[in-house]
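Subject: Structure handover

Hello,

Please find the structure below, for your files. My notes on it come after.

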Amino acid sequence: MSDLRQLYEEVILDHNRNPRNFHKKPGGTNRHAHGFNPLCGDEFTINLEVEDGVIKDAGFEGAGCAISTASASLMTEALIGKTEAQARALFEDMHALLTTNVDASEVGKLRVLAGVREYPARVKCATLAWHTMQAALRNEDKTVSTE
Amino acid sequence: MSMRRESVIETPMPPLDVARVRADFPALHQEVHGRPLAYLDNAATTQKPFTVIDAVERYYRRDNANVHRGVHTLSQRATADYEGAREKARVFLNAHSSREIVFVRGATEAINLVAQSFGRANIGRGDEILITEMEHHSNIVPWQLLSGQLGATLRVAPINDAGEVVLEDYEKLLSPRTRLVGIAHCSNALGSINPVKRMTRLAHDAGAVVLVDGAQAAPHFAVDVQALDCDFYVLSGHKMYGPTGIGVLYGKEALLEAMPPYQGGGEMIKYVSFDKTVYNDLPYKFEAGTPHIAGVIGLGAAIDYLTGLGLDAIADYERELLHYATVMLSGIPGLRLIGCARDKASILSFTLAGVHPHDIGTIFDHQGVAIRTGHHCAMPVMQRYGVPATARASLAFYNTSEEVDALAAAIHEAKEVFG
């Protein structure tokens, strides 16, 4: 039970119940990408409004498990106001946080997702939104998968 | 020498002694996350009894040789065991002849074989192939591929909310254009058991050939292909306590005889020159290359094991366990059972309000409860019920009511975590 709580932190459960920036496509969306893990069925579209290299607004649509939903929700919160370069750096930090024991100090509140690395089968859930965001920044058409 | 006569009066099978049965399966006796394992993912694959593991090991340790080739002792032993398993499979399915038993990689390969060999030779542009809405992807995609290749049309008989094929619609979809019907004997996602005997008769009346996917049926109850009168029946070894990578295609002899080979190579030929090749007799015509000998021998041991317990004793025990599990789960608020067919095998698909199936899977694993979460290779079934995925507990004769209690406790745990 105690270690399960490290995965299902209160913040994660909250973002799963009430995802932020959900069902949201900012009016000025000019970057978006589609992420889909066919084995899981987790599926998200990440929508970004980027102006002068700064992410002015972010939202996501779709459906998935608690981990993938909370990760997408927390990510959109973190992205708003960041430059593209900062967003890419955050992706790298999150990737390290979720897949290795490197605990980058820059991730802040996103550290609640660190418990996922103890659950190798669920890492793909947590990383889906992030890889999709990266594809959105590059304006890639191809559907992203982390399976 | 006196003829040994079969006993006329059959000894009734004793009811299943689950404690004794469990002792036969080494993998069941372990802890996961500090809890005793409750392995409830049997529709994905079953655990193997010692007899199967030993049979495979004995072949590799002692009898390893190619079959149907050498005159040396090891080759003779291997061939005897390999062909002995074919006879076991024949008896298991009550096929008329062992020439009707073809060893393949699994149910998937068996269906692809029928699609590409029988289908290409007998189905044409404008013809129709009829399947049901509850099929596994393995009984959908080969027919889609074939339809695309031939310009045929794939039709789908719908299921009702309980997860049963709507027979009136099925009957209406049968027409003189229907060349082949593909039906699951038992649905892997819903547990529904289809009335395949009746569906076969209706299909035959329309002039269609019938393939029954028995991958989920054979581990649960006795199958008699002659009584069903189906034209093809397919099995997967690993879903019936045998090794992975081995399965059976049963086909009526006259149909198999008329079908062109599926793959070319050694074993499937009688004579080869650059001008002309004469194909081998049944069933070897469909067994190109060195087969999965160890797998076949292991499958034979699995059939012996199932027959030893008695398929009726297995079905009786699993029916009771399914009833117990259904009662336990039905009472849990927020739990929706998906698949409530009147005739059902011990498979329980469900969703839990507010908890995604993958989160259920992780929480259950912490309780030592192994289940499958996802679309179960039956995406159209998920679409039918408007869910992206389900959690599925699939019970075998070695599962106990205590393990069902552990399942119920894990569901309560998931509800607690998600508040």
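This is a predicted model: local features need pLDDT of at least 70, side-chain atom pairs count only at pLDDT 80 or more; totals for chains, interfaces and linings use all residues.

Residues are numbered from 1 along each chain as its sequence is written, chains are lettered from A and ligands numbered from 1 in the order in which they are written, and side-chain values use heavy atoms, with hydrogens and water left out.

Chain B overall

Chain B has 14 helices and 17 strands; helices (H or I, at least four residues) and strands (E, at least two) are DSSP runs, numbered from the N terminus. The C-alpha trace of chain B spans about 75 × 55 × 45 Å along its principal axes. Its radius of gyration is 22 Å, which agrees with the value near 22 Å for a compact globule of 419 residues; the radius is taken over C-alpha atoms, and the globule rule is 2.2 Å times the number of residues to the power 0.38.

Of those 419 residues, 57% count as buried. Buried means under 20% relative accessible area, exposed means over 50%, and partly exposed is in between (1.4 Å probe, protein chains only). Chain B exposes about 17,700 Å², and carbon and sulfur atoms supply 53% of that area; accessible areas come from the Shrake-Rupley method with a 1.4 Å probe, and for residues only the protein chains shown count as cover. Among contacts (heavy atoms within 4.5 Å) in chain B between residues at least 6 apart in sequence, 71% join residues at least 24 apart.

Local features of chain B

In the loop between strand 12 (277-279) and helix 10 of chain B sits B:Pro283, and the peptide bond from B:Leu282 to B:Pro283 is cis, with omega near -5°.

B:Asn94 is not a glycine, yet has a positive phi of about 55°. It is found in the loop between helix 3 (73-93) and strand 4 (101-104) of chain B, and counts as partly exposed at 30% relative accessibility.

Chain A

Strand 1 (residues 31-37) of chain A has A:Arg31, A:Ala33, A:Gly35 and A:Asn37 on its covered face, and A:His32, A:His34 and A:Phe36 on the uncovered one. Strand 1 runs antiparallel to strand 2 (residues 42-51) of chain A, and seven bridges join them; two strands pair if DSSP finds at least two bridges between them. In this pairing A:His34 stands opposite A:Thr45. The two strands form a hairpin with four residues between them, and A:Gly41 in the turn has a positive phi of about 95°.

A:Asp52 lies in the loop between strand 2 and strand 3 of chain A. Its phi is near 50°, a positive value in a residue other than glycine, and at 74% relative accessibility A:Asp52 counts as exposed.

Helix 4 (residues 84-99) of chain A should span 22 Å with its 16 residues, and its end C-alpha atoms are 22 Å apart, which agrees. Its buried residues include A:Leu90, A:Phe91, A:Met94 and A:Leu97. The buried residues of helix 4 pack against strand 1, strand 2, strand 3 (54-63), helix 3 (66-79) and helix 5 (123-137) of chain A.

Cysteines and the A/B contact

A search of the whole structure finds zero disulfides over all chains, where a disulfide is a pair of cysteine sulfur atoms within 2.5 Å. The cysteine sulfur closest to that of A:Cys65 is in A:Cys125, and at 3.9 Å it is too far for a bond. A:Cys65 is buried, with a relative accessible area of 0%, and A:Cys125 is buried at 1%.

What does B:His358 touch, not counting residues up to four places away in sequence? Its contacts are A:Leu39, A:Cys40, A:Cys65, A:Arg122, B:Thr373 and B:Gly374. B:His358 is in helix 12 (residues 357-366) of chain B and counts as buried at 11% relative accessibility.

Regards

Methods. The expected span of a helix is 1.5 Å times one less than its number of residues.
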